[in-house]
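The following note sets out points for a first reading of this structure. Please keep the sequence and the model in view while working through them.

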Amino acid sequence: LRPISAYIFGWIFRWARLASLWPALANFLMHAPGLKQMIQSAGGMTSKRNFPKFAAQSFREWFLKQNFKIKSGSKEVILWPDTFNNYFYPDTAKKTVQVLEAVGYRVKIPQKNFCCGRPLYDYGMLPLAKKFLRDIMAGLKTEIEKGTPIICLEPGCASVFKDELLNFFPGNETARKLSSQVFLLAEFLAQDLETLKKIKKSNFSAVLHGHCHQKSLTGMSSEGKLFSALGLDIEILNTGCCGMAGSFGFEKNHYEVSMKVAETSLSPALEKAGSVPVMTDGFSCREQVQHISGKKPLHLAEALAQVFGLKD
């Protein structure tokens, strides 16, 4: 048995799916005075942070109701609907669909509602995490064999496929193929800069904070190439960890440490940026930036949608 917080945060995929059935009710319960404090206290969470709100409609629900105009001969990609962008920030995934279609891709999503299991690692729930990955390999077997690229919006999810997957299944050819087919959005788009330059409609200025998994796995070179090719005035900040580290910064016993970590580089960088928009791709990073500065940060997909002049 683990502390209650392990089941609240580690099983976020389960609670999010349940909450998506009645998002308005879930948001009320988690933000109503009294109830909010009771939930935070029971789960070992700090009262100094607000719960993120569940979206009225998940990205998967939205996607399955669309009738996309697919051009003949379009190359296919799979967009990975991670728990956080699916249930909390679906607009990010919607913008990604627009961007990928504008570049010339046909976007698909997995038929089943998978989770990569990233939150499970924080609490040592490894058997369940391994089961999730085994289910993903079975469910995406056809697409893996076809070599269909898989785009992750959440760096933590990409790191599961690039790191933990291979550690769990060493020598497994399906695992190796799946790992090689997973890309972050910037990493994938940077392979075709000429097409991006042709569809650019406007300029964009911002500062970008890199997620820890993003920097450790792929670095920020793809983002640099992308911004340079498009002539965008985006400064990649020389910042370290934001301090959230998944659910770490939400926990009462870790809140002060979380904020001290942020004060080493992120907080001063945000203060220096002033009114300039902030970009960051990780869910935890986005929560920390908003907590510190009050600004709602943008995902790369949202920024590119503006650059390409894509409307809702």
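1. Two strands are said to pair if DSSP finds at least two bridges between them. Helices (H or I, at least four residues) and strands (E, at least two) are DSSP runs, numbered from the N terminus. In general, strands of a sheet pair through backbone hydrogen bonds, either parallel or antiparallel.

2. On the basis of the note: this is a predicted model, in which local features need pLDDT of at least 70, side-chain atom pairs count only at pLDDT 80 or more, and totals for chains, interfaces and linings use all residues. Residues are numbered from 1 along each chain as its sequence is written, and side-chain values use heavy atoms, with hydrogens and water left out.

3. Overall form. The protein has 20 helices and seven strands. Its radius of gyration (taken over C-alpha atoms) is 19 Å, close to the 20 Å that the globule rule (2.2 Å times the number of residues to the power 0.38) gives for 312 residues, so the protein is as compact as a globular protein of that length. Along the principal axes, the C-alpha atoms fill a box of roughly 55 × 45 × 40 Å.

4. The sheet of three strands. Here the order is β6-β5-β7, the sheet is open, and the pairing is parallel. Because β6 (233-236) and β7 (278-279) stand at the edges with a single partner strand each, one side of each is left without a neighbour in the sheet. Strand β5 is joined to β6 by four bridges; the partner of serine 205 in β6 is aspartate 233. Towards β7, strand β5 (residues 205-208) has two bridges, again parallel. Valine 207 faces valine 278 in β7, and leucine 208 stands opposite methionine 279.

5. Which strands lie at its edges? The order is β2-β1-β3-β4, in an open sheet with parallel pairing. The edge strands are β2 (105-108) and β4 (182-184), each of which pairs on one side only. Neighbouring strands are turned by 35 degrees against each other on average, direction ignored. For such angles, axes are lines fitted to C-alpha atoms, for helices over the stretch in contact, and the values run from 0 to 180 degrees between N-to-C directions.

6. Partners within that sheet. Four bridges link β1 to β2, and valine 77 has valine 107 in β2 as its bridge partner. Three bridges hold the parallel pairing of β1 and β3, where tryptophan 80 stands opposite cysteine 152. Strand β3 (residues 150-152) is in turn joined to β4 by three bridges, with isoleucine 151 opposite phenylalanine 183.

7. A helix on the sheet. Helix α7 (residues 90-103) lies across β1 (75-80), β2 and β3, running at about 150 degrees to β2. Contact here means heavy atoms within 4.5 Å.

8. The largest pocket. On a 1 Å grid over the protein atoms alone, where a 1.4 Å probe is used, a pocket is an open set of points with protein on both sides within 12 Å along at least five of seven lines, and lining residues have an atom within 4 Å of a point. The largest pocket holds about 1,000 Å³ of space, the volume being that filled by probe spheres set on the points, which are joined across faces, edges and corners. Its lining has 41 residues, of which Ile8, Phe9, Ile12, Phe84 and Phe88 lie nearest the centre. Elements that give two or more residues to this lining include α1 (4-10), α2 (12-19) and α19 (283-293).
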